[in-house]
Amino acid sequence: MRIRDQRNRRRGVLVAGLLALTLALTSACTGGKDGDKGPGWQDGADQPAAKATVSISEPAADAKDVPASAAIAFAAEQAEDVTVELTDAEGEAVEGDLASDGRSWQPSAALTYGASYTATVTATGDDGLPVTATSAFTVMEEPEKQVRISSFLGDDQTVGVAMPLIVKFGRDIPEKYRADLQRRMTVTSEPAQEGIWHWVSPTEIRYRPKEFWQAGSKVSYRVQAGGLPLGDGWYGRADLTVDIAIGPKLLMTVDNRTKRMTVTKNGEKIKTIPVSLGKKSTPSSSGTMVVMEKLRKTVFDTYDELGPDEGYRTKIDYAQRLTWGGEFIHAAPWSEGQQGTTNVSHGCVNVSMANGAWLFKNTRVGDPIVVKGTERKLQLGNGWTDWNMSWEEYVKGSALPYEPMESDSADPDLSPSEAPTT
């Protein structure tokens, strides 16, 4: 028994000795003289934590059936620089822009139905240390119910200074979806000018600047509605972008008292034209109207409206539509003897053949005409009556709160109506 006990003791001493040797070797690898550390394991305790934090809220990680209109929404704290990258399943980068509030990133075009994407948001604080957040998601399949979106104007048109930007939708847009849609409707101009969108009806929205467009401006507007939910299972069919130019400021002013039209171009009077307005039973409308349509030759047929006794069917030259109700500027050779003295029309602005041809040559769709002093006020909605509303009234038609331009972005050498705004 004693011999076995001794052997067990020696075996224990041997094991203890090997353990001591192992600990000694380990100690030599993790520290040196005076506590200097060598290239052993690091526990990260001495690595500084990044100041910035970042997270992606939409689309959520692994989300399915994401709308093709999806933006990347994120939160970044204590970040001096934020970058967003969106890649498709093949690793190809998707173009887009960071929102002005720095809280979201919008792809330049609607995403592909049924495709998968990965969003990566990187935030860097003033310590120079970056942090990232990622979210992989899949876009919904193409929906059956899609809303058509159209613009009254097409690319490269030149229009007058009173031209509203008009966008129409193929079905009613419910009120609760209008703000989200309007956030994706942007207007840029050179020079910059303050303006706002105004809902005319559930199917139509218009944009006008606070003052008439500045002559010679370049204007671009965009509707990023492709794949955007628009209520009741409907989605926007496609994005829309239009680039136009603004012509010179040609303004027609008609005074019923003098029976004259004064035409100015960029503030300078260039012509005075005798007119005949609507007689008392069918007066012309007083207000600010816009040339909506130009017809070199047309036929006015009022039998359905006025009946067989008062109605007429007449060939017309140089017609420029001002209202949906049928008020035009047009040549009226039969009233040239009364033009400048007596009102004899059915509500139109009658001019001579020569003056009608001159006006037709010099005007554009979008040019303004102001009629003063008649017996009837222009009815809101009877034409493009956007300029017959005060600015305070007009902004009430926006689904988003009105945000006036910051004064420090204006040129101090310009008057308030001339100052460039955004």
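Six bridges join strand β16 to strand β18 (residues 240-246), and the two run antiparallel. This is a predicted model, in which local features need pLDDT of at least 70 and side-chain atom pairs count only at pLDDT 80 or more, while totals for chains, interfaces and linings use all residues. Residues are numbered from 1 along each chain as its sequence is written, and side-chain values use heavy atoms, leaving out hydrogens and water.

**The overall picture**

- The protein has five helices and 28 strands; these are DSSP runs numbered from the N terminus, with helices (H or I) of at least four residues and strands (E) of at least two.
- Of its 422 residues, 41% count as buried, where buried means under 20% relative accessible area, exposed means over 50%, and partly exposed is in between (1.4 Å probe, protein chains only).
- The accessible surface comes to about 23,500 Å², and 49% of that belongs to carbon and sulfur atoms; the areas come from the Shrake-Rupley method with a 1.4 Å probe.
- Take the contacts (heavy atoms within 4.5 Å) between residues at least 6 apart in sequence: 65% of them join residues at least 24 apart.

**A sheet of four strands**

- Back to β16 and β18: they belong to an open sheet with the order β11-β18-β16-β13 and mixed pairing; two strands pair if DSSP finds at least two bridges between them.
- β11 (158-159) and β13 stand at the edges with a single partner strand each, so one side of each has no neighbour in the sheet.
- Lys218 has Ala245 in β18 as its bridge partner.
- In general, strands of a sheet pair through backbone hydrogen bonds, either parallel or antiparallel.

**Two helices with two sides**

- Helix α2 (residues 175-183) has Arg178, Ala179, Leu181 and Gln182 buried.
- The buried residues of α2 pack against β12 (165-169), β13 (185-190), β14 (195-201), β15 (204-209) and β16 (218-223).
- In helix α4 (residues 353-362), the buried residues are Asn355, Gly356, Leu359 and Phe360.
- Seen down the axis of α4, they fall within an arc of 135°, so they line one face of the helix.
- Ala354 and Lys361 are exposed on the other side of α4.

**Aromatic rings**

- Rings of Phe, Tyr and Trp (its six-membered ring) pair if their centres lie within 6.5 Å; planes under 30 degrees apart count as stacked, over 60 as edge-to-face and the rest as tilted.
- The count by this rule is 10 aromatic pairs.
- Phe212 and Trp387 form an edge-to-face pair, 4.6 Å centre to centre with 70° between the planes.
- Phe212 is in the loop between β15 and β16, and Trp387 in the loop between β28 (376-377) and α5 (391-395), so this pair ties together parts 175 residues apart in sequence.
- Trp387 is buried, with a relative accessible area of 12%.
- Trp197, Tyr207 and Trp213 form one aromatic cluster.

**Charges over rings**

- A charge sits over a ring if NZ of Lys or CZ of Arg is within 6 Å of the ring centre and within 35 degrees of the ring normal.
- Arg208 lies over the face of Tyr394, at 4.9 Å from the ring centre.
- Lys294 lies over the face of Phe360, at 4.5 Å from the ring centre.

Terms used:
The arc is that of the directions from the helix axis to the C-beta atoms.
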